[in-house]
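I opened the notebook to record a few local look-ups. The entries follow in the order I made them.

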Amino acid sequence: IIYYSKKYIWEENKKEIVLNLPVKVYTIEDFIKFAKQYNYKIEAVYGDYDRSTYTAKSRKQIIILRKK
């Protein structure tokens with residue numbers, strides 16, 4: 001688990017709040033295992049919303065699943 005920090009500032013009173021949210025990181029191998037376990041087929045894997053090819057350096061992991 002990693003922590004994602006997000007800072008919010010309210011315009012009215014300039015009050016600042018920082019949220020530290022726990023985030024679980026999954027690999028493509030994890031999703032392959034989950035897909036098999038829950039009877040899904042991975043139809044496509046993209047590296048961003050523009051459907052670019054997924055690589056280890058992709059900032060996003062878009063996975064298209066279909067129920068078998």
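Is Lys14 buried or exposed? I looked up its relative accessibility in this predicted model: at 61%, Lys14 counts as exposed, since the cut-off for that class is over 50%.

I then placed Lys14 in the fold. Lys14 sits in the loop that runs between strand S1 (2-9) and strand S2 (16-23). I checked its backbone too and found phi near 60 degrees, a positive value in a residue other than glycine. I noted this because most residues other than glycine have a negative phi.

Next I turned to Asn39. Its phi is near 65 degrees, again a positive value in a residue other than glycine. I located Asn39 in the loop between helix H1 (28-37) and S3.

Last, I went through the salt bridges. How many does the structure hold? I found 1 salt bridge. Its partners are Arg66 and Glu43, and the closest N and O atoms are 2.6 Å apart. I traced both partners to strands: Arg66 belongs to S4 (residues 62-67) and Glu43 to S3 (residues 40-46), so the pair ties together parts that are 23 residues apart in sequence.

How values were computed: Residues numbered from 1 in each chain as written. Predicted model: local features only at pLDDT ≥ 70, side-chain atom pairs only at ≥ 80, totals over all residues. Heavy atoms only, no water. Salt bridge = Lys/Arg side-chain N within 4 Å of Asp/Glu carboxyl O. Helix = DSSP H or I, 4+ residues; strand = E, 2+ residues; numbered from the N terminus. Buried < 20%, exposed > 50% of the residue type's maximum accessible area, 1.4 Å probe, protein only.
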